[in-house]
Amino acid sequence: MPRTVWLLVIGMAVNITGSSFLWPLNSIYIHDHLGKSLSIAGFVLMLNSFASVIGSLIGGYLHDKIGGYRSVLLGIAITVCALIGLTLRHEWPYYVVFLGIVGLGSGIIGPAMYAMTAAAWKNGGRKAFNAIYVAQNVGVAVGSGLGGAIASYSFDFIFLANLCMFLLFMVIALFGYKNISEKQSVHSNRIKASKPVYNRSHIMALTILCTAYLLAWISYVQWQATISSYTQVLHITLNQYSLLWTLNGAIIVLGQPLLIPMLKKYLTSVKLQILVGIVIFTISFICASFADRFSGFIAAMVILTIGEMLVWPAVPTIASQLAPSGRDGFYQGVVNSVATAGRMIGPVVGGVLVDAFGMKMLFVVLIVLLMISFIFASLYNRPLQKSEKQAATMRN
């Protein structure tokens, strides 16, 4: 892996570690420390996610306009300013305002990091995005673990720790990312681009793929929302539920030496990787629907994690392949915003279904959504094939 990609991977791990100090504890802080209802806590988190969606779209646009280096620094600067405010004033309603700004700044960072990774390791393909994906999961595991320990001592130090990690990320970005080659300069990319900036078939392919991606995320996020509550009804302890996510992170990090040879030998195309991953997702939810004890959920989580390892890095890889020269940021911004949108609306959809029809019906709906996701994922390259046939006909 090139040195520049290592810098991006380390930066992503530091970034996500900082974010993970706070996000798992947001609801607890809003409910227990600020004295607000869980409904209000949910609304605040939705606001944060919505700001992140907007940030992702802005970040992708800025990457293509001013380059990844400046985009990342701008996102970090916005986030650091908000975290300074959050460290000094984390009472109501300042908490809501600063948390929303943090979502905006963090959203700007993501697409630029992905686009720079693709440019820094042009021949890396899905390996480049898989490295970023693993770094994110390392950050989640480390940040969540340290965040719980820090919060048990004092919640005030959570905000300071988050700020310190982003300041470290700023130093890494400031001195490590400036000389990362991004194919060519943005403007020369647009002049020399062999593909038009707005290619209708590529936009259609991205839209179909992102529809599949959104449905997969709506299903996946139920593990953090409705299924977490369901485990409590089955008398599975919080410690046991937390252990499921520890297992998730461990499999993702430790399973890479096994995953890479398997991809080379069996899943030779990225499209096939996504389709197999969605099938594995479906199997995990079928398993979870029949689980009534902890061992059943362990099996379902192991299966889910294998599917996750296939799908999540593959979608940004295809987006990078689809992106015309000079539009990497825009395509990665769309993918990032769709993932965030899935995390934002998934808990709402799941909660409504459970309240109205119960958990069994939720599992049925999730399985149906994943089947629809599979169909969209299998069809995403149809517009490309149609465009190629039309081009061949015109040449002849």
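**Exercise 1. Charged side chains**

Determine how many positive and negative side chains the chain has, and how far apart the centres of the two sets lie.

*Solution.* The structure is a predicted model. Its chain carries 25 positive side chains and 10 negative ones. The centres of these two sets are 16 Å apart.

**Exercise 2. Overall form**

*Solution.* Along the principal axes, the C-alpha atoms fill a box of roughly 65 × 45 × 35 Å.

**Exercise 3. Burial and contacts**

Find what percentage of the 396 residues count as buried, and what percentage of contacts between residues at least 6 apart in sequence join residues at least 24 apart.

*Solution.* Buried means under 20% relative accessible area; 54% of the 396 residues count as buried. Turning to the contacts between residues at least 6 apart in sequence, 85% join residues at least 24 apart.

**Exercise 4. The faces of helix α12**

Identify which residues of helix α12 (residues 256–265) are buried, and explain why they line one face of the helix.

*Solution.* The buried residues are Gln 256, Leu 259 and Leu 263. Viewed down the axis of α12, the buried residues fall within an arc of 55°, and therefore they line one face. An α-helix has 3.6 residues a turn, so residues three or four places apart point the same way. On the other side of α12, the exposed residues are Pro 257, Leu 258, Lys 264 and Lys 265.

Technical notes
Residues numbered from 1 in each chain as written. Predicted model: local features only at pLDDT ≥ 70, side-chain atom pairs only at ≥ 80, totals over all residues. Heavy atoms only, no water. Buried < 20%, exposed > 50% of the residue type's maximum accessible area, 1.4 Å probe, protein only. Contact = heavy atoms within 4.5 Å. Lys, Arg positive; Asp, Glu negative; His and termini not counted. Charge placed at Lys NZ, Arg CZ, Asp CG, Glu CD. Helix = DSSP H or I, 4+ residues; strand = E, 2+ residues; numbered from the N terminus. Arc of directions from axis to C-beta.
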